[in-house]
Structures are given as structure tokens and as C-alpha cells.
Amino acid sequence: MVGSDSLNVSPSPSQQKEKQLPKQWGVTKPLSPAGPLEVDIQRSKELEKFLVDAGLYESAEEAAKREEVLVRLKQIVKDWVKALTLVRGYTDQMVEDANAVIFTFGSYRLGVHGPGADIDTLCVGPSYVNREEDFFYGLHNILAEMEEVTELQPVPDAHVPVMKFKFDGISIDLLYASISLLVVPDDLDISNMSVLYEIDEPTVRSLNGCRVADQILKLVPNIEHFRTTLRCLKFWAKRRGVYSNVTGFLGGVNWALLVARVCQFYPNANPSMLVSRLFRVYTLWRWPNPVMLCEIEDDELGFSVWDPRKNPWDRSHHMPIITPAYPCMNSSYNVSTSTLRVMMEQFQFGNKICEDIELNKAEWKALFEPYLFFESYKNYLQVDIIAADCDDLRAWKGWVESRLRQLTLMIERDTYGKLQCHPYPHDYVDHSKQCAHCAFFMGLQRKQGEVIQEGQQFDIRQTVDEFRHQINMYMYWKPGMEIYVSHVRRKQIPAYVFPEGYKRCRHPRSMSQQQLDKASSEDGEACRTGSAERRLKRKKELEEMEMKQESLEKRQSISPLRRDSASPDLLCLRSANALKGYSMIETVTIKERSQSCQPIGGITPQLIPCSESSGGKMQHHDQDAEVNTNITISNQGMHNAETSDAGCIPTTNNGGNPEINDQRFLRGDICKANSKLRSDSGRKNVAGVFEDELREELEANGQHGMVLNSGDVVGSEPVQKTVMSRVSLTSSA
């Protein structure tokens, strides 16, 4: 008798064809199957060494401590469920079998967490243990009595209800999900669709983090390459000020999905190649086409999935990044027109640096240069938050930070997108104040490319009042919790936001950092030569101006209290219609403030400039005198407000940003490739031919999946018209 293992069966033609074809990762074929060359392997080693030297990997001791904390937490929730089972009169056998399971997700589950990072955890309990009373009251009280637990902060009304605390110094974000089982097994498969039976929407969102993390790891070709690339991109995003989901940028899961998609495009690439190609791909990406790792599932369970054909609210998303687990959602719904603009500028910056690295003109450290936010704008919003003590400030700050994105959206709405906002996802503390305090800042500028008409202004006083009204509706408000929104010019930025407590000298150039980054990406020797001559001329002029201001700067540096106290009052950018019957130039008197915790810029409304022009002169007098500000604000482009496109990135014709002619949404991925990059030869000509080939690849076969005709899509403009009627703007800012 012949065994089956000794049979020699030749494969069929179809099987041979399958072996020859490269495996498809995701919804499209790879853009290139090319692997790394020797130079790519060397660059990856240099990148990994840079990440290690930057302190992005935790020590073995800290890793062991995290494991110990998780073991303790698992025992705590298990004892908690057993106690509830006993109190509610269940049988002894039920009490013995009662159980709760702890899962991790986020950066810890993906394996990209660093020193001091929090651990995102999910507690899955039985059907008779609820979130509202048992979790946020019962378990909360148990944790509050433990010495190891500090900074305990429940957030039951969040989009995903969470309890935040530190356990033996390790930060924990704990979610809870009650599933339709009386006994939760230790080996529960959370990826199984059965865990979604008979649960509510908040529970689905709580479960989704773990389910998404598991799916991401299943859908990438090489997990270690994915992890190194993601660790690099997260560090880059934090350094460049675009890492914050709550502020309207991208959070950890968003960056993980973007990196995973590029790993699918280049399945054999190593980390240095993946980093470079990520910036290249997303510089050319035509938002709002979605980034997807797999096809969208639509199960019979009835939960809403991302589908702009059916859901009108999905059509207004600017940067859809779709989660791969059912129910598939847009993980980046917080992104606004302004934050998308900022991220596109940073993608272009990253792409330019990576091109220089591939041409041996730069090193990896150049990619991670911190973004000079306070040198990039002339006008800023300062949001000061104060409370009676640190515990109150922690809760109050969390609430205000979660609503800052709404201020950005309201300003975009009420100015027809002509006043651009750049919220900075970092809080600053003035330790000289006697009360608990922190501050957030937001850069302001008019929309680029608009015609300036002198003497016309924005008025967003009602916008700020509306924002303050929303903030003051905080359910857990306590006496001492206050918020002040004020306008500050670049020269008035308080000293405590700068390293070492002082302002670094600004390089004598009039261009903002965004303009420099954009200009540096343009090709052509003639343009560079002409720009150099103009910059040299400007440099001489600005050096003369700075010499005149030298004495003023010295007085300010000697007296930081004087500088900190010179913050103007509530921001009010006046529109043309608001100025009818009034003088185009108004003089506003701002009294100096003391260092106490009393009004931080919130006494009376005041006008401030919003354009890039000087908009008036700030005259500094003696410390006890008043500061008189003559304000002239120029609005621009308001006659085009009704035809503006708030849903896409600006249309340009340069090589770094493809021209957008429509806003079609694809259920599939726009990036299906019709042809492969031949041996990835574009590395030899990064700035030229490769971009053209890649653009053809990214724009090829747009019919993949189900396409929405542009006529079927409700753009953001009609929606905006219904809410922007209270501010009438007739000219541009």
C-alpha cells in the first residue's frame, strides 16, 4: 500500500499561476514588490539606531512592571465581578464561575509603546454587570481606596466611556464592555462576531479598539517592519505637532492604519523604504478618498458602517481612514479643513526630507526636527484654563481640550473657511501663577492666495461666546474652574511656552515655516536663485528693524512678568458687515494684568488682526501705562465664499499636490495599481520621474469598488450655508 505522502501529483495550471502571482494584501495589488537594496538595509539600521538613541524603547524593568500591573488589574476586576455576583443572589456555582477578562489595545497591543506610555485596556464582563452603576461607581470606589491608584478620573460621558488612573505609576485607560454572556471565558475570542450580539453602541465602540488592533496585525505583510515604521511615524507626528485625535489631527490608531496601508502597497520593503514611501503616497493622496485595509463588511447585526452613499454625515468627512473590523468606522472623523491643511504641509515636509536622505543630502535627525509653532504665525488664540487645585484642573482641562476642536470648526464655519486655524496639541503651564493653570494655543492666518482689501475685518465674537457657552455647560463644573480666550501676537507669546524659559531668537526671515517648507519643495534652479537674492535683501532690511527693537527685547527678557501680563482680551475679528456705520480703524485700550489668577484676557471683547499684514502697531509703554493698539484687519476672498471647496485640499499644479477636480468618494481604494513600478527604479530619480509614475499608480483604476457620482454627493458647502447665515462676510480675509 502506498502512503498518500509518497504520491507525486503535479500542480494544476491554475495552482502554478497562483504561485507565480504575488499575494495581494488589502483591497488592491501592491504598488511594487521590490525588496531592499544594500543602501536601504543600511538606512534602516541607521533609522533603528536613531529611534533607540531617542529613547523610544522601554527598558526591561519597565516592561516587567507593566506586566505585573496588568496581572494585578486582572485579579482586581475578577474579584469585583465575583463580589457583585454574590451580592445579587446568584448560586454558589455562579459565584465560583464569575469572571471578567482584561484585553489590551492601542500602542501596547501593537507593540509600539514607549517609556511612560499609558496602557489602553478593556475589561469584558458578564451581561448582569453594567457600565453606569457597577463600573463607574462600584469599581471606581474599589480603585479609589487602593494606595497604588492615583489620579483616578472617570469620564462616563465620553464618546467611548473611560476610567483613567495611574496604578503604581503606570498610566491606565480602562474601558468596560458588558457582553451577552453570563460567564465570560478566559479564552474569549474578541474578534468573533458573536461578542457583538445584543449590545449597545457605546459597548461596540469599547470593543472596537481591541478588534481593530488584532485585525491590523493580521493584515500587514511583516509585523516587525510595520512596528518599526509606526514607531518612527508616531515620533515624527509628535515632533511636528500633528499627533492628537482629540484636537483634530491623527491619533495612534489613525497612524497605525496609514502605516499598515503603505505596508500593503510595498509588502517587501524594509522600514527605511516604508517611511520614505509613506510620505510620498500621502503627499499625492487625493482626499477625501478613503484609506482602507480591507473591504467594508456589512453584517446583519444592523450596526452603522461608514458608507457615504447611505449616510449623509459620512460625506462631510475630510480624511476618511476606515477601521478594518466590523462595524467599519471612520477613525479620523475629527479632522477638519484646517487640520487637514496642516497635515498635508507636514507630509510635504517629510517627503522633501526623505528625498534628501535618499540622495545622501540629509540624515534621519533632520526628519524629526521639532515644528516651530510659535515662529510660524503672527497671530494666535490663547486659551487659558484655571482651577482651584490640580485635581479639578485635570478634569476641567480634559473637558476643555475635548471641545477645542469645536472652536476650530466654528471659526471655519463662521468665516466661510477664510480664517484658517492651527490648533497646537500641547498644553503649557505657567508655574509662576498661584493657582492650577494651563494654556493651549491656536495659530491664525487668512487663507493663502486671497486678495487683501484693506479696512475690512472678521468678527468672531459670537463664535467665541458660543464656544464659552458650550464649555460652561460642563456637568461637573466646580467653583474656580474658569476659561479665558484671548488674542496674542507673536511678540506677546508668554515666556513659559519656550524652552529654558526664554524666547529663542527668530531667524531674520519674513516667511513662515510653512511657506519655507513649501518653497523648498519646488524644483528649478532659477526659482532658487531668485529667492536667494530676495531673501538676502529682506535679511538686511529685517536686521535693521531688529536693531531698533533690540532695546525693547532686552527690557522684555529682563522683566518676564511684564511680558506675560500683556495678553490682550477676548478675540474678536470683525467682519465687513459688522463694521457698517463704524470707522474702519478702531483704537482699543488694554490694561495691563497682574500675575494673579484673575481675568486672563477675558474682560472685554477686543479687535485683533487676522491677516498676514501688520494690521496695526503695538506700542509698548512703561509698565504702569496702558497699551494702545490700532487695529486694521484685512479680509480676503469673501466674494468667493459661496463657491469655496471646504472638502478637499487646495488645488495646485505643482508636482507635490495633484489637482483635484471632483469630490468623488470610493467605497474601494483609489490606489489600485494597473501597472507595477519596474524594480522600484524611482529611487534613483526621487524628485522627478518617480512622482509622475507614482501619481499614475495612485490615480489608476479609480473605478475599483463602488463609485459615487459627484452629483450624488452632498458636499460640505450646502451644509455650511445653513449654519453660517448669522455672519455675513462680503470680502476676503
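Please keep in mind that the model is predicted.

I shall begin with helix α9, which spans residues 252-265. It has 14 residues and reaches 20 Å from its first C-alpha to its last, close to the 20 Å expected at 1.5 Å a residue. Is α9 enclosed or open? Of its 14 residues, 12 are buried, so α9 is largely enclosed by the rest of the structure. Among the buried residues are Trp255, Leu258, Arg261 and Phe265. The elements against which the buried residues of α9 pack are α5 (106-110), α7 (201-219), α8 (223-239), α10 and α11 (337-358).

Let me take one of these partners, α10, in detail. Two packed helices are described by the angle between their axes and the distance between the axes. For α9 and α10, residues 271-284, the angle is about 105 degrees and the axes lie 10 Å apart. The two helices are therefore roughly perpendicular to each other. On the α9 side, the contact involves Leu258, Val259, Arg261, Val262, Cys263 and Phe265; on the α10 side, Leu274, Arg277, Leu278, Val281 and Tyr282. By class, the residues of this contact comprise 9 nonpolar and 2 charged, with no polar ones.

I turn now to the sheet. It is open, has 5 strands in the order β1-β2-β5-β4-β3, and shows mixed pairing. At its edges stand β1 (101-105) and β3 (149-155), each pairing on one side only. From one strand to the next, the twist averages 25 degrees. Strands β1 and β2, the latter being residues 119-125, are antiparallel and share 5 bridges. Within this pair, Phe103 is opposite Leu122 of β2.

Which helices pack on this sheet? Helix α3, residues 60-87, does so, touching β1, β2, β4 (162-167) and β5 (170-178), and its direction makes about 35 degrees with that of β5. Helix α7 lies across β1, β2 and β5, and runs at about 120 degrees to β5.

Finally, I come to strands β6 and β10. Strands pair through backbone hydrogen bonds, either parallel or antiparallel. Strand β6, residues 379-387, runs antiparallel to β10, with 8 bridges joining them. Ile385 is placed opposite Ile483 of β10. Why may β10 be called largely enclosed? The reason is that 7 of the 8 residues in β10, residues 482-489, are buried.

Terms used:
Residues numbered from 1 in each chain as written. Predicted model: local features only at pLDDT ≥ 70, side-chain atom pairs only at ≥ 80, totals over all residues. Heavy atoms only, no water. Buried < 20%, exposed > 50% of the residue type's maximum accessible area, 1.4 Å probe, protein only. Helix = DSSP H or I, 4+ residues; strand = E, 2+ residues; numbered from the N terminus. Pairing = 2+ DSSP bridges. Axes fitted to C-alpha atoms, helices over the stretch in contact; angles between N-to-C directions. Parallel < 35°, antiparallel > 145°, perpendicular 65-115°, else oblique. Contact = heavy atoms within 4.5 Å. Nonpolar A, V, L, I, M, F, W, Y, C, P; charged D, E, K, R; others polar. Expected span 1.5 Å × (residues − 1).
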